[in-house]
Amino acid sequence: MKPRTRMLVPAACALVFAGLVLARAQAGGSHYFPPVADPVVKEECGSCHLAFAPSMLPARSWERMMATLGEHFGDDATVEPAVAARIAKYLVDNAGDAGGRRYGEKLLRGVPGTAAPLRITELPAWVREHRKVPDWEWRHKDVRTRANCAACHPDAERGYYYDE
Ligand code: HEC
Ligand code: HEC
């Protein structure tokens, strides 16, 4: 199903959807990424955008990101050192090549072992999964940026990125 249609799915359908999604998540696959469970990480990293799932990037990416929060994609996302340490530990522990390996493995395929990408949306597997999304959809006023996962994946907050 195309994302636009998805956004318009009525509530009743969404329930049926949720059932399907759950079934698929239990079967395993590349569409479930456990959402951030730590309340501090959720608050500090979920105020400007969705709190991205730690399993979507390797540990070295999170380390690099946490060391450069002063220049975070044009924003200052600095937090107090003790808070930063807590966030860094959570993200690194659950990274796609650490605790979150079983979820992130497929998404991280093709990332060189020495690279520390800061964008999920630039990972080779992410780009491949989205290659059929037409240009106008990225530019749609309800989407605007590739990082706006929830515009097209309505259950992104709960970790589901299903593809129907
Ligand atoms: C002050 C606002 C702000 C805060 C706070 C913030 N970010 Fe961001 N973040 C941004 C902006 C702006 C972008 C670029 C979004 C875009 O490209 O549309 C971004 C992008 C990202 C991306 C890359 C998204 C992609 O394109 O794949 C990741 C990962 C990310 N942030 C993680 C974090 C983490 C982890 C924290 C908490 C430590 C955090 N952010 C806190 C503003 C913020
Ligand atoms: C403009 C809409 C749009 C946005 C924004 C978007 N996606 Fe997607 N995504 C899609 C579509 C459509 C597919 C299915 C691609 C296909 O089957 O050709 C998809 C597929 C996926 C898949 C693969 C699912 C599976 O079952 O294998 C993942 C994972 C995913 N997206 C994650 C993300 C993340 C993370 C973000 C934000 C950083 C994001 N997407 C932003 C439209 C979008």
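Okay, let's start with what I mean by a donor: an N, O or S atom within 2.8 Å of the metal (3.2 Å for Na, K and Ca), and since water is not among the atoms, sites may look incomplete. Keep in mind that this is a predicted model, where local features need pLDDT of at least 70, side-chain atom pairs count only at pLDDT 80 or more, and totals for chains, interfaces and linings use all residues. Residues are numbered from 1 along each chain as its sequence is written, and side-chain values use heavy atoms, with hydrogens and water left out.

So, which protein atoms hold the iron of ligand 1? They're NE2 of His49 and NE2 of His72, lying 2.0 Å from the iron. His49 sits in the loop between helix 3 (39-45) and helix 4 (59-67), and His72 in the loop between helix 4 and helix 5 (81-93), so the pair ties together parts 23 residues apart in sequence. By helix I mean a DSSP run of H or I, at least four residues, numbered from the N terminus.

The iron site has 6 donor atoms, with angles of 88 to 179 degrees, and comes out octahedral; that label needs opposite donors over 155 degrees apart and all others between 65 and 115.

Are these two histidines buried or exposed? His72 is buried at 14% relative accessible area, while His49 is partly exposed at 31%. Buried is under 20%, exposed over 50%, partly exposed in between, using a 1.4 Å probe and protein chains only.

Zooming out, the chain has 9 helices and 0 strands, and 36% of its 164 residues count as buried.

Note on methods: Chains lettered and ligands numbered in written order. Helix = DSSP H or I, 4+ residues; strand = E, 2+ residues; numbered from the N terminus. Tetrahedral: all angles 85-135°; square planar, octahedral: opposite > 155°, others 65-115°.
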